[in-house]
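Thanks for coming, everyone. Have a look at the model on the screen, and then I'll walk you through a few parts of it.

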Amino acid sequence: MGKYIYMDNSATTPVKQEVLDEMLPYFNIKYGNPSSIYSLGSQSKNAVEISREKIAKVLNAKTKEIFFTAGGSESDNWALKGVAFANKDKGNHIITSKIEHHGILHTCEYLKKQGFDITYLDVDEYGLIDLDQLKEAITDKTILISIMFANNEIGTIQPIEEVSRIAKEKGVYFHTDAVQAVGHIEIDVNELNIDLLSMSAHKFYGPKGIGALYIRQGVKIDPLISGGAQEGNRRAGTENLPSIVGMAKAIELAYENLNENNARLIKLRDKLIDKILKNIDYVRLNGHPINRLPGNVNVCFEFIEGESLLLSLDMEGIAASSGSACTSGSLEPSHVLLAIGLPHEIAHGSLRLSLGDFNTEEEVDFVVEKLIEIVARLRAMSPLYEKIKEGK
Ligand SMILES: *Cc1c(COP(=O)(O)O)cnc(C)c1O
């Protein structure tokens, strides 16, 4: 053994060697504060602006529309709180969905306490929102629609183009939490009519603790972090220089070979799904069969606890997740799996295997082999499963 199989790429990804190499000089050689006027400082300022330009180019945004943050959660908080407070003279209504990341859902709970009205759209069995329900939910008080690009648990990709068209027709700002999509799916903020977009580098082989918010020029938004004049006076704090440089390198690498990488990932993903469904009974695939992230596999095994499954996989050197990283550790099943209509007992037996650039076919075969053994072993301890088998 001795090998370790990492299939939790939706939780985080390793920093690629090329990214790390690019970052290292900015810790102790090119370490100047970008706000300092001497050359060590202006060299840093330059590096920040070149990075901003690279990220903007990939998304077809303007350079000055990219604002660095400390990651996806901060970007989500900023988009929602910033737009809510800056536009409260226009209205107090925000529309989102029931399957958003907690970065959105918990921010909405906070805004509700501040007097904002939140509508949570339902999703169907595949995790798709209903565009008619969205249209009906819009009132003359609606200031913002926030719908995630792709779901972190079940991988479902939303009809973003249609959502933004509806928002535009009604003159409402549209924000998307694209943390699972950036670096994995082609995104053009102009073609898709996106006003605000959250991204995070550690989901595409960049460092943790760095992200960005795309803010379309002209969008009215308050700052979230007050202080110095960094980021065009809109996000204070000395820039996280090595991470900014790393994020730009990572996004460039991600889009260099996107189509080939995705073709490979989709093949691996579908092989993994097919083998699980063929070899194990009482199992269901969660998420959309086609409109899903290239690396996402999410299944529920009946008569099994997801936590026990994870521990058994870990003993075989396999890293995966059940529900989302933030909900595991609590006994509540994932809000996403409940929203697609799964009963509690089935939602508890969920497993997410998220594939990335470093996974191989051999790993897929090995994981399925181990899953078959583990599921059989765990079910042998389930009286309910035994009873159902005898009844067959
Ligand atoms: C990971 C994730 C976040 C949070 O990003 P951080 O950089 O970890 O704060 C937000 N939304 C989605 C969809 C995510 O997958």
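Predicted model: local features only at pLDDT ≥ 70, side-chain atom pairs only at ≥ 80, totals over all residues.

A quick word on ground rules. Residues are numbered from 1 along each chain as its sequence is written, and side-chain values use heavy atoms, with hydrogens and water left out.

Let's start with helices. When I say helix I mean a DSSP run of H or I with at least four residues, and a strand is a run of E with at least two, both numbered from the N terminus. Axes are lines fitted to C-alpha atoms, for helices over the stretch in contact, and angles run from 0 to 180 degrees between N-to-C directions.

Please find helix 3, residues 39-59, and helix 9, residues 241-256: their axes come within 9 Å and cross at roughly 30°. Helix 3 and helix 9 are therefore roughly parallel; that label covers angles under 35 degrees, with over 145 roughly antiparallel, 65 to 115 roughly perpendicular and the rest oblique. Their crossing is left-handed, meaning that the near helix is turned anticlockwise from the far one by less than a right angle, while clockwise would be right-handed.

Who makes this contact? On helix 3 you'll see Ser44, Ala47, Val48, Ser51, Lys54, Ile55 and Val58, and on helix 9 Leu241, Ile244, Val245, Met247, Ala248, Ile251, Glu252 and Tyr255. Contact here is heavy atoms within 4.5 Å. By class that gives 11 nonpolar, 2 polar and 2 charged residues, where Ala, Val, Leu, Ile, Met, Phe, Trp, Tyr, Cys and Pro count as nonpolar, Asp, Glu, Lys and Arg as charged, and the others, Gly among them, as polar.

Now turn to helix 4 (residues 72-86) and helix 5 (residues 102-113), which pack at about 30° with their axes 9 Å apart. Helix 4 passes helix 5 in a right-handed crossing. From helix 4, Asp76, Asn77, Leu80, Lys81, Ala84 and Phe85 meet Gly103, Ile104, Thr107, Cys108, Tyr110 and Leu111 of helix 5. That contact has 7 nonpolar, 3 polar and 2 charged residues.

On to the rings. How many aromatic pairs does the structure hold? There are 6. Rings of Phe, Tyr and Trp (its six-membered ring) pair if their centres lie within 6.5 Å; planes under 30 degrees apart are stacked, over 60 edge-to-face and the rest tilted.

Take Tyr205 and Phe358: their ring centres are 5.9 Å apart and their planes at 85°, so this pair is edge-to-face. Tyr205 sits in the loop between strand 7 (196-200) and strand 8 (211-215), and Phe358 in the loop between strand 12 (350-354) and helix 14 (361-379), 153 residues apart. Is each of them buried or exposed? Tyr205 is buried, at 5% relative accessible area, whereas Phe358 is exposed, at 52%. The cut-offs are under 20% for buried, over 50% for exposed and partly exposed in between, using a 1.4 Å probe and protein chains only.

Phe303 and Tyr385 form a tilted pair, 5.2 Å centre to centre with 50° between the planes. Both Phe303 and Tyr385 are buried. Ring pairs also link Tyr282, Phe303 and Tyr385 into a cluster.

Keep Tyr282 and Tyr205 in mind for the backbone. Most residues other than glycine have a negative phi. Tyr205 has a positive phi of about 70°, and Tyr282 one of about 50°. Tyr282 lies in the loop between helix 10 (258-279) and strand 9, and is partly exposed at 25%.

Asn286, in the loop between strand 9 (283-285) and strand 10, is buried at 0% relative accessibility. Beyond four places in sequence, Asn286 touches residues including Ile154, Arg292, Asn298 and Leu342.

Ser10 lies in the loop between strand 1 (5-6) and helix 1 (17-23), buried at 7%. Ser10 and Gly356 are 346 residues apart in sequence, and 8.5 Å apart in space, C-alpha to C-alpha. Leaving aside neighbours within four places, Ser10 contacts Asn152, Gln180, Lys203, Arg352 and Ser354.
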